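Subject: Structure handover

Hello,

Here is the structure for your work. Please open it before reading on.

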Amino acid sequence: MFDKVLVANRGEIAVRVLTTLREMSIASVAVYSEVDAQALHVLSADEAVVLGDGAPEPAASYLHAERIIEAARVTGAQAIHPGYGFLSENADFAAQVTEAGLTFIGPPADVIAKLGNKTTARQILADAGVPIVPGMRATADDPAVLAEAAQDMGYPVLIKAAAGGGGKGMRVVQSADHLAEAASAASSEALSSFGDGSIYLEKYLDRPRHVEVQILADAHGNAIHLFERECSIQRRHQKIIEETPSCALNTDLRTRMGEAAVAAAKAVGYVNAGTVEFLLDSTGDFYFLEVNTRLQVEHPITEVTVGLDLVRHQLEIAAGSKLTLAQPDVSQRGHAIECRIYAEDPAADFMPCPGKVLYCRPATGPGVRFDAGIYPGAEVPVHYDPILGKLIVWAEDRPAAIARMIRALQDNVVLGVQTATELMIDILASEPFRDGDTNTRFLEDHFADWHPCEDGDAQARLGYVAADLSGVGHAGAADTLPGATKWPSPWQTLAHWTLRS
Amino acid sequence: MPVLRSRIDPKSDDYKANYAHMSGLVDKLKEELTRAHEDRSDKAKARNAELGKLTVTERLDKVLDRNSPFLEIAPLAAHDMYDGRIHGAGSRAGIGVIHGREVFISANDPMIKGGTIYPMGVKKTLRCQTIIMENRLPSINLVDSGGAYLPMQSEIFPDVDDGGRVFYNQALISKMNIPQITAVMGLCTAGGAYIPAMSDHVVHVQGTGAIFLGGPPLVKAATGEEVSAEDLGGAKLHCSESGVSDYLADDDAMACEILREIVSMLPAQKQADYPRRAPAAPLYDPREIWGVVPPSLSTPYDIREVIARLVDGSELLEFKQLYGPTLVCGWAHIHGTQVGILGNNGVLFSESALKATQFIQLCDRQGIPLLFLQNISGYIIGRDYERAGITKDGHKMVAAVSTATVPKFTVMCGQSFGAGNYGMCGRAYSPRFLWTWPNAQIGVMGAEEAAKVLITVKNDQLAREGEPPLTSEFEEFIRGPVKQAGEKEGNAYYSTANLWDDGIIDPAKTRDVLGLALSASANAPLDGRDQGHSTFRM
């Protein structure tokens, strides 16, 4: 096993990885840019190295491969854990790490490269017998080729970036009239986001569920799956609520999807933890979407239902160990849900709202876990993904897990930056969610007109709490003033109030 | 403390009828407030937008703390006067908070006749200055006014309580060490130029704000010189050459931000130390007041039912409960602040007047603010009562009310007739604030009684002249117009239009209005209480 590992990431996922490193008595190294100098991942690591001159831009910091490898060399780290996002699915980076004599905690560079190109990946998996969404097997930029392919598979079609992810470069096209325009927009967006403008078309499935399967594979040819996660609740093509098991799967379907995922892993020679994503339509047919060659944001719901530490397994696999588990050893128990807490405004199209976390107090209690990268006073910089943390709950069954998550969200205090906590409570409490009637258009279908509750009383109560926490006695007054100032005045407690309201 | 037990049955027909009636009055009030805030001509809106100016509402929102209360003063001043559209007498004003600090803010509305000043506009400004001085609230002015409304200049200009008084008061306010901060967001012409000039801090918006003693039209008329408003009195000139203004702002939003910064720098202020305790909601929903108050003013109701819906925990320690029962006196808390409450439960007798006198003196000695809940037809009359000296006892109450140094607050909850208006701290007795419920009536006496008095006087005169008394037809001829006038002029809207109050309020909001005002009043320290004579047991 490694003596020292560098975590090439920031925020909650870096903190998550550092936690396991400490439990395994492996020394840890964090990297950071100047705006993250006081970030939780920096404070949680044994050592921390500033990247370059500390410039916050991702290209100069967390995306700068040479600087990260240099940090590992300087500190004597033997391996690099990339987390998710940033360089985690960058085959060149994985190759550079290996060339530098270090271990990349993830799949080999050539596997990342093969799976990173969506069209290549589809070809390999189709050949291995994994069902794929009808679509083009190669990228194209000729409008005539695109138009013909779209005609063949039938509208609506989805334009996707070959190098993409995270919704960037994606466009749904309803009719032939809009294809050319959407294709050029998607291509230029892909070019600016990934440095590669290649696009391809897929049949667009209306209201599918997003179901993915967690896999673990070692370098000795063994691969298992750790069941599914349903991630249908998405905003702007990004997941916000995930759960496992999916209520759309029966045992048979679960087995078939799990086997398909393992077949996919074996077909590409996959090593380490990965996720095979599928779209599941209402008839129970599932189609391969892509393989994420890294730890997923939502990995904790798998951890709590199968009882494994995925990061520990990643480290063991990377160190050359054989899988300690065979498929029959793995079973899932209970139900888990994750809610992602971002600094974002759900009432303003989920616009990121960076700022300062004035106060936070994580929810606790049985079956509650909060993976977070914040603390009271922490800054949420504008330069990176504004994720603050992930609230994860486990309970015996789905209704109990929903009830527990609503309670945990209500208890999970984050003041100072806007979050979508209120929206997520409303989603969890909604009838379609409780009924398990979820799909990737869930938010558009049921919560398009959602707006935060403007109940003055609730705001006033929050005002009380905030005033209490911040130790402010009375508007602008110090403790030295007489008794009049000891209790809050209605100017503090009435919140928005007018003669008309 | 003893808790008031309500005897009202919210399921009774009376309650439902009362509730429906008051609910109608409150709906109308909200409509009137909405109209006052939003009824502006398309032309005026377009002009404002074209100049790149924010609306008055937007300016207030930007200056005041987000998600905080705004206690507007006299929003319906000049209601139904002039052309019926000089809403709020052409301005918005009230108490709000900036960086947690309670301030008074006034803003001309340039979308109402270019923000020109009508006679009621002057009266409103003077009322606002009284509030500023009595409560020592920092004064924020957002000036955007074409100056006096010239067709009515004679009613605005020369008298003691006319335009000149505004600047006189500004000098006094400054001498009292109360900060005055002005943002020039439009024209400040002639007299209006003194509003920034007499302020401590002047923020000036480039492009739209201009200060001059004589505007371009007057300069042209007087000297023939043609000059633009910006060249004559714009922000550049006044911030870099004349020194009239202190802070240059690129636009309204920046000016609002600078105002906030200035307020955040103001030194802390000593507050009056009224007794306070942890605030608590009443046990009964304040909105139930709608079901307590009968539609007819002559139908009596127990003021304790109102108090139970105003005060913290519905707790009232009654003073002299068994003596002079037509006046309820007692101690309670509103949003945590202790108050001494006087509420009418019928006509004032000698005993009730004496009880009031002693209670007011006690509160004054103890530094406890006074709250008057007026529903009063007057002092008792008749030979026996005159003989017993009701006038002497009424005098004591009026004298106690007049000389009390603690802040007084008055709410018109129904009738307000005759000397009852005085003894219960009507407008002339300088309550810090006075609000009117939409059902209230104010007058020397009820309209019906006034008509009867006039008919009796006329019959007496006819009898002296040996003529026969009025026929019933003639009586009606006298009664009709008197009643009509009495009802119109006694109406809450007539009252608020004339600034006899600080606004009509939804009875359900009375508790919050009072809580906010009590807190604002604490900005002025209490003094002078330890002088004079002892309290007298009456």
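This is a predicted model: local features need pLDDT of at least 70, side-chain atom pairs count only at pLDDT 80 or more; totals for chains, interfaces and linings use all residues.

**Interface of chains A and B**

The size of an interface is often given as the accessible area lost when the parts come together. Here chain A and chain B bury about 2700 Å² between them. Carbon and sulfur atoms account for 63% of that area. On the side of chain A, the most area is lost by W491(A), L499(A) and R500(A), which together make up 37% of what that side buries. In terms of contacts, 23 residues of chain A meet 36 residues of chain B.

One salt bridge is counted between the two chains. R500(A) forms a salt bridge with E38(B), and their closest N and O atoms are 3.0 Å apart. Eleven residue pairs are in polar contact across the interface.

Which helices of chain A contribute at least two residues each to the side that touches chain B? They are α16 (456–470) and α17 (490–493). The largest share, three residues, comes from α17(A). By type, this side of chain A has 13 nonpolar residues, nine polar and one charged.

**Chain B**

Chain B has 538 residues, and 56% of them are buried. It contains 20 helices and 15 strands. Among contacts in chain B with a separation of 6 or more, 75% join residues 24 or more positions apart. The accessible surface of chain B is about 22900 Å², with 54% belonging to carbon and sulfur atoms.

**T419(A) and helix α13(A)**

T419(A) sits in the loop between β22 (413–415) and α13 (421–429) of chain A. Is T419(A) buried or exposed? T419(A) counts as buried because its relative accessible area is 13%, under the 20% cut-off. Its side chain makes a polar contact with the side chain of T421(A), at 2.8 Å. Beyond its neighbours within four places in sequence, T419(A) is in contact with I341(A), Y342(A), E344(A), P346(A), L388(A) and V414(A).

T421(A) belongs to the buried set of α13(A), along with L423(A), M424(A), I425(A), I427(A) and L428(A). The buried residues of this helix pack against several elements of chain A, including β10 (223–235), β11 (238–244), β14 (335–342) and α12 (398–411). Two further partners are α14 (431–434) and α15 (442–447).

**Salt bridges**

Over all chains, the structure holds 52 salt bridges. Three from chain A follow, each with its closest N and O distance.

- E70(A) with R73(A), 3.5 Å. Both lie in helix α3 (65–75), three residues apart, about one turn of the helix. E70(A) is partly exposed, at 38% relative accessibility. R73(A) is exposed, at 55%.
- E189(A) with R171(A), 3.1 Å. This pair links distant parts of the chain, with E189(A) in helix α8 (179–194) and R171(A) in strand β7 (171–173), 18 residues apart. E189(A) is partly exposed, at 25% relative accessible area. R171(A) is also partly exposed, at 25%.
- R340(A) with E338(A), 3.8 Å. Both residues are buried.

Best regards

Notes:
Residues are numbered from 1 along each chain as its sequence is written. Chains are lettered from A and ligands numbered from 1 in the order in which they are written. Side-chain values use heavy atoms; hydrogens and water are left out. Contact means heavy atoms within 4.5 Å. Buried area is the accessible area (1.4 Å probe) that two parts lose on being put together, summed over both. A salt bridge is a side-chain nitrogen of Lys or Arg within 4 Å of a carboxyl oxygen of Asp or Glu. A polar contact is a pair of N or O atoms within 3.5 Å; within protein, one must be able to donate a hydrogen and the other to accept it, and residues adjacent in sequence count only if both atoms are side-chain atoms. Helices (H or I, at least four residues) and strands (E, at least two) are DSSP runs, numbered from the N terminus. Ala, Val, Leu, Ile, Met, Phe, Trp, Tyr, Cys and Pro count as nonpolar, Asp, Glu, Lys and Arg as charged, and the others, Gly among them, as polar. Buried means under 20% relative accessible area, exposed over 50%, partly exposed in between (1.4 Å probe, protein chains only). Accessible areas come from the Shrake-Rupley method with a 1.4 Å probe; for residues, only the protein chains shown count as cover.
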